[in-house]
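This briefing goes through one structure by topic. Please have the sequence and the 3D view open while reading.

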Amino acid sequence: MMPSTLANTFAQANHYFNTAIAEHFHAIDSGHVQPALWILLLAFGYGVVHALGPGHGKALVAGYLLANPSKRSHVFQIGFLIALVHTLSALVVTLCAAYLMNISANRLFRDVNPPLFQISGGLIVLLGCWLVYNVFKERRIVNEPVGAQTSRFGVVMLAGVVPCPGVITLSFFAITLGHMGIGMVAAFFMSLGMGLSISLAGLLAQSVQASKVIVTQPKWFWAIRFFGAVCVVLLGLWFLSHPIPQRAF
Amino acid sequence: MLKICVCLLFYACSALAHPHTFITVSLELNETELKVRWLFDEMTSQSLLEDFDTDRNGIFSPKETEAFKKEVFNDLKQFSFFTHLKVANKSVPLKPTQLFLWRENNAFGVEFHVDLKPYVHQKKSIGFWDESFLCALSLEKEQIRTSLPYTLKEVDNAYYYGYLLEFL
């Protein structure tokens, strides 16, 4: 599949879910329970395709997992918690905009997002430096497990703190139609879908780290860990050097 | 191969992109003027209507239009208003001359005009895309009204896609 086709496919899939969810929100007023159930199902699918595209912390998770070999359960924990924090930060923006400031969530989002993005980038650089230091310190450790990994919660916060624009759009839309409750639940289902995609990206990185070549070659094991840590530093630097311009929509 | 690498790198690194705004583009053009119309998806429309149709009457007063221009439209200059004009194979900065807003059912519409008089009888092409891929633009032949001969093709730009209108 050519890249442009890939971009096109992502766009079309996102468009499909976006449109279908909007249509079902209008159908809720008919009084039937079916549209609400469809919204939840579609929100889950929207979350999956939304997070399969660029962003949502997949690169950070992959770099972190290469640097810090983790149990499979931790990979899923990281993936779903990132999605949850990503969604919660979006809901905070949406609710503040709608009920405290009386403006659209997108308007508030474009104000808070660039600085949040920069702060997140700076913290990712620090996390990466810490990983590089740790990997270097543990260079004699040649196989799993590698130390205690409470740092994964730091990764969750750093990757998730930037609000998800998709969740903001969905939940604000629900609020304007008077369906805040179903909007919030739909946002949660969307986060489950995103969590699945982020976890799959994490599993991919984990499978590299767990491959026979890496496990049986101590030097490779260390090199891959070091590579993952450097990737996290570079990712943070990339975020810092590419500030997000204020966007209208 | 390079394109695939760029694509993967972008998909891995970019923080926000993946379109969450969908714009249907329609065009009307002749030798001297280009009229571009955008119709937004319903979710994005809802928040734009909330912000700029302040009296909720579905009609945009000059004051409301000016607010949209100041807060939203002018910032799109850095993205060339998602409309990439080339004259004699050279990129030309886009300078919209007029701006209109409207509501069509639940959708928010934007129309802006571009003066093409300085480029009459020169070979032109117009691309429609958002390089940051936050917005996905769609353009079909049925949405183009012109008497000028042209070709429309999809453009492969590595990590985003778009459409290119070339005049013969």
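The model is predicted. Chain A has ten helices and zero strands, and 55% of its 249 residues are buried.

**Overall make-up of chain A**

- Read from the N terminus, the elements of chain A run α-α-α-α-α-α-α-α-α-α.
- Taking the contacts in chain A between residues at least 6 apart in sequence, 83% join residues at least 24 apart.
- Chain A has an accessible surface of about 10600 Å², and carbon and sulfur atoms account for 72% of that surface.

**Nonpolar cores**

- The largest nonpolar core holds 69 residues; those that touch the most other members are A:Ile21, A:Phe25, A:Leu60, A:Ile82 and A:Val167.
- Helix α4(A) supplies the largest share of this core, with ten residues.
- A second, separate core has 51 residues, including B:Val25, B:Val92, B:Val110 and B:Tyr163.
- Neighbours within four places in sequence aside, A:Phe25 contacts A:Ile39, A:Leu170, A:Phe173, A:Ala174, A:Leu177, A:His179, A:Ile182 and A:Gly183.

- A:Thr94 lies in helix α4 of chain A, which spans residues 72-101.
- A:Thr94 counts as buried because its relative accessible area is 0%, and the cut-off for buried is under 20%.
- The A:Thr94 side chain comes to 2.7 Å from the backbone oxygen of A:Ala90.
- Beyond its neighbours within four places in sequence, A:Thr94 is in contact with A:Ala105, A:Ile168, A:Ser171, A:Phe172 and A:Ile175.

- Together with A:Leu88 and A:Phe188, A:Leu84 makes a nonpolar surface patch of about 260 Å².

**Helix α2 of chain B**

- Helix α2 of chain B covers residues 42-52, and ten of its eleven residues are buried.
- The buried residues of α2(B) are B:Glu42, B:Met43, B:Thr44, B:Ser45, B:Gln46, B:Ser47, B:Leu48, B:Leu49, B:Asp51 and B:Phe52.
- Where α2(B) starts, B:Asp41 places a side-chain oxygen within 3.1 Å of the backbone nitrogen of B:Met43.

How values were computed
Residues numbered from 1 in each chain as written. Chains lettered and ligands numbered in written order. Predicted model: local features only at pLDDT ≥ 70, side-chain atom pairs only at ≥ 80, totals over all residues. Heavy atoms only, no water. Helix = DSSP H or I, 4+ residues; strand = E, 2+ residues; numbered from the N terminus. Buried < 20%, exposed > 50% of the residue type's maximum accessible area, 1.4 Å probe, protein only. Polar contact = N/O pair within 3.5 Å; in protein donor to acceptor, adjacent residues only side chain to side chain. Contact = heavy atoms within 4.5 Å. Patch = residues over 30% accessible without salt bridge, like charges linked within 9 Å, V, L, I, M, F, W, Y side chains within 5 Å. Areas by Shrake-Rupley, 256 points an atom, 1.4 Å probe, with all protein chains shown as cover. Salt bridge = Lys/Arg side-chain N within 4 Å of Asp/Glu carboxyl O. Core = buried A, V, L, I, M, F, W, Y, C linked by side-chain atoms within 4.5 Å.
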